[in-house]
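Please keep the sequence and the structure in view while reading.

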Amino acid sequence: MGSKKINNDVRNLNLDRVIHWILLAQLLSLLPLFQLVPIWIVAACLGVGFWRLAVNRYQLALPSRLITFCIGVLAAYLIYTTYGTLVSREAGVSLIVLMFSLKLLEMRQFRDAILILFLSYFLLVVNFLYYEHVLMVIYLFATVFVITLALVILNSSDISVGYKKLLSMAGTLFTLSIPVCVLLFIFFPRLAHPLWQMPGNSTGTTGFSETMSPGTISELFESDDIVFRVKIKSEEIKPDSSQLYWRGIVLSNYDGLTWRKSTTRAIGAPDIVRRSSPIEYSVILEPHNKKWLFSLDIPDYSNSYIVLYNDFSMESERNIRSVFSYQLKSYLDYRYGLNLNPIERQINLQLPNNFNPEMVRWSVSRRQTVNTDADFVQNILNYITQNQFFYTVTPPVYEENIVDDFWFGEKRGYCEHYSNAFVYIMRAAGIPARVVTGYSGGEYNPYGDYLIVRAKDAHAWTEIWLPNQGWIRVDPTAAIHPSRVEPMLAARMEQRTAMDRFVDGEDIDSYISDISSLRAIQLTLDAFNHAWNEWFLGFDQDKQMQLFELMGFDFLSPRDLLPWMITLLIILVAAIGLVILRQKDNGDPLARALMRLSKKLSHKGLAWSKHEAPLTFFERLKTHYPQYKADITDIQRRYSSLRYQESRASQNMPLLVKKINTLKSNL
Amino acid sequence: MSRRTPASSSITLVHRNSYIFPNHYGFLFLVLLLIMLVGATNYQNNLAFTLTFLLISMGLLSIFYTFKNLVGLTVKCGAVSPVFVDDDAIFPVILAAENKEHFSVGVGLQGNVVDFCNVLPLKHATVSIRMPASQRGVIKLERLYITSSFPLGMFRCWTWIPLQAECLVYPKPIEPEFYQSQLIGNDENGSLEKEGGLDFSHIRNYSPGDSMRHIEWKTFAKDRGLYTKQFSEPTGDDMMIHWQDFTTHDIELKLSYMCFLVLAADKQQKKYGMSLPGIEIAPASGDEHTRQCLQKLALFQRQPKTRV
């Protein structure tokens, strides 16, 4: 046989046993990415896989390198035509997936197989850029195990080794690596602030819109999707439900149907005057593919990756395509924008011509009936309460003069209609006003001590400007008489008041006992998901320092981390290494039984020498113990058949071991 | 020709003798890990971090597994049969395990692996190391290369075993064209052998049942009939193979001729003796005698280091 040079790694590749494992490892690492690529690529990858299997099974020839290269170029071209480019994120993923599959056609030698397995590991990282849900992560780490197992099998492919042994070896290696992995995870330095967001795979949105028109918010009521979670840090300050307004976008521009952002929106928040102590909290935002961030009215915080505008809306620098966590400070009690410049004023008074004439008249004349603007506001709110205004998720569709038809006609509407009408009334009366959209309320999860805000909590309210008070929030829907609130919406309000009880300091147990068991399960699961997001996915320098404090290692500062990590790593690896080296191989019960027999005989000088063939050993025994000749012959025979036909070991081995032990005790 | 050089003593691989270092794949893996680490840091992606750390850990711990896989083996060389020049000397290397299993252990020379084997506590493995015997005399297997990179294939653990095994190489038998022999008279008989030597004394007609090996094919090929060679029975006449009988000056060629004759004589179960400068071997027959003659031929004017 030829010489196999390990050093020059041209080992023969005996694929028969191992090809299935290699293909499996590769497939598992590609599978999640299949969801992100066009179907023809998936088909192509599977096709290549079967092709390679056939090559191995039927001893076919692999295509030459030239042909494989041409296939690769063709693939790249097809991807280019699909996406129009090769450098976008989607095209990149498709390219990686297809090229990796094609590598199978080049798998001739040992080193090609190794490369495929290494690339499988690498593909997992690519997966992690897109997926972060717990179950997916479990799947991906299971794949790590399979790849490792394939690697072990490949490295023993020169000569066959039982699967059980290989499996246990891969398993032990994997398990013992976990503590070291944990150590590195805790100590490896993280940045204080992330550079930018991961690509993420979010193609979904939360339905939140940048504009408002009738229906844009009410259609979200169906959705239970979680938009974000909030963890309140401040101990002393807890907002009650009337203060839970999550600011999203401020809309000043109305064309008769749709509200849009103001053109004067610019970066740089105005000064906040007269404020209470801030409440500190962190928001963990689910990916929604846009840049909006939500904050509690009124936020006062910004850092390098958050942009704060002059209307106190916030955006991130990049689209949010994966779970994004940010810390904020807000003032629940505030004054801002006391000086309203004329342009702003103008914009926020503007009404489109030729729309809702009745409203304009009504508003102007009603304004005359009160003294101050503030009184007028209260007047309108009272009007809502006292008249037959209904709050419903399924309002009628209003045509053209939306405000008139709503206010003077049906009087049935959702928050869009009320805000729309209210701002209209204010503007007509000469009070600058604008719409704010975002979310309101939230569900408290006692299992995790945080608030859950869902798509259904989407809300629209208003801000009006009063002299000496600046911009003030007014939520016209709060003025609707409770009896005229639709049952579904009433339930939501009920939920909030329940939360208020808790916020006021009432027993958490009674709060929990009010939760149905199904809900409790859901909430517990969500709490777990939240902890996952916050502590694992969101493990940054802050969390790191918090963890060290909790463990009692306050003395560690970020600069200390690297030397400590290296030191502890060396110690831990050495310790585990020692365990590995000392570990007695349990191995073969048969070997152990024979060793015991040999040991007993060593006193009589009959012990087995290492290089002696077992059968010779038995022969020797027979000459010394002729009285046991029959037994020994039986053992000898069984041993031969066992050792050379290993397949029935599981049945025959225990019996043989027993016989040996019996012999041992007899001797 | 059955006695062989006795087996060398066993050598156990202990920690001291073994080295471990990353191989190509180990370095490739390291590069891969660095890329992954940079990517993870770039995106501050904790999942990517976890994966990278897990792989780093497995890589580091595999050092110990790889090391453990090799240490504790015992190696020795089994009995080595002598060969002729231009054959391969075969050294049966036997690996045995004390009390644990060793997988994918590579055995070879000079850093090249000849074969892989598994060594289990009750199943020792034999790997045949072949070395071409281009010269007569003694071929030595001095250092054996034992290696393994099991289980992950990223680290190569190896050791050099000073085996000191030897294989005797007899000269290549070459049929002499012209040969003059002298007989030592057993004066009693005094019958002569024909010149040209030992082939056969006469032929007779073929009778069915004669061995195919003894048929005179040349005559048959010329269409002259089927005849069977008849060999003279050992008459008790002894044959003597003399160094001086050969006219060539090439020592190696002489030895090759003598070897051929020894083998032929042995095959015919004749009694024969041999004389070389400084060495006289009285006529005798049998395996042991032949072995001794061949050994003398092999070691003629070679280092006198023999362990017979």
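The model discussed here is predicted. Chain A has 667 residues, and 52% of them count as buried. Its secondary structure consists of 21 helices and 18 strands. Among the contacts in chain A with a separation of 6 or more, 74% are between residues 24 or more positions apart.

Chain B has 308 residues, of which 51% count as buried. Five helices and 16 strands make up its secondary structure. For chain B, residues 24 or more positions apart account for 64% of the contacts with a separation of 6 or more.

Tyr25(B), Leu47(B) and Leu122(B) supply 12% of the area that chain B buries against chain A, which is more than any other three residues supply.

One salt bridge is counted between chain B and chain A. It joins the side chains of Lys165(A) and Glu101(B), with a distance of 3.2 Å from N to O.

## Nonpolar cores

In soluble globular proteins, nonpolar side chains tend to be buried together. In this model, the largest nonpolar core has 106 residues. Which of its members touch the most other members? They are Ile22(A), Val97(A), Phe118(A), Tyr121(A), Val144(A), Leu51(B) and Leu55(B).

Tyr121(A) illustrates how residues of both chains come together. Leaving out residues up to four places away in sequence, Tyr121(A) touches Val144(A), Ile147(A), Thr148(A) and Leu151(A), as well as Phe29(B), Leu32(B), Met36(B), Leu51(B), Leu55(B) and Met58(B). Another core, of 85 residues, lies apart from the largest one, and includes Leu328(A), Val370(A), Ile384(A) and Ala520(A).

Is Tyr257(B) buried or exposed? Tyr257(B) counts as buried because its relative accessible area is 14%, below the limit of 20% for a buried residue. Tyr257(B) belongs to helix H4 (residues 251-267) of chain B. Not counting residues up to four places away in sequence, Tyr257(B) touches Ile174(B), Glu175(B), Pro176(B), Phe246(B) and Thr248(B). Phe246(B) is 11 residues from Tyr257(B) along the chain, and their C-alpha atoms are separated by 8.3 Å.

Ser218(A) is located in the loop between helix H7 (163-187) and strand E1 (226-232) of chain A. Its relative accessibility is 12%, so Ser218(A) also counts as buried. Apart from neighbours within four places in sequence, Ser218(A) is in contact with Val393(A), Tyr414(A) and Glu416(A).

## Backbone features

Most residues other than glycine have a negative phi, and most peptide bonds are trans. Gln59(A) has a positive phi, near 55°. Gln59(A) lies in the loop between helix H2 (39-57) and helix H3 (65-83) of chain A, and counts as exposed because its relative accessibility is 66%. Asn356(A) likewise has a positive phi, of about 45°, although it is not a glycine. Asn356(A) is in the loop between helix H8 (342-347) and helix H9 (357-368) of chain A. With a relative accessibility of 0%, Asn356(A) counts as buried.

Two cis peptide bonds may also be noted. The bond from Asp297(A) to Ile298(A) is cis, with omega near -25°, and Ile298(A) is in the loop between strand E7 (295-296) and strand E8 (306-308) of chain A. The bond from Phe150(B) to Pro151(B) is cis, with omega near 10°. Pro151(B) is in the loop between E9 and strand E10 (155-170) of chain B.

Conventions:
Residues numbered from 1 in each chain as written. Chains lettered and ligands numbered in written order. Predicted model: local features only at pLDDT ≥ 70, side-chain atom pairs only at ≥ 80, totals over all residues. Heavy atoms only, no water. Helix = DSSP H or I, 4+ residues; strand = E, 2+ residues; numbered from the N terminus. Buried < 20%, exposed > 50% of the residue type's maximum accessible area, 1.4 Å probe, protein only. Contact = heavy atoms within 4.5 Å. Buried area = accessible area lost by both parts, 1.4 Å probe. Salt bridge = Lys/Arg side-chain N within 4 Å of Asp/Glu carboxyl O. Core = buried A, V, L, I, M, F, W, Y, C linked by side-chain atoms within 4.5 Å.
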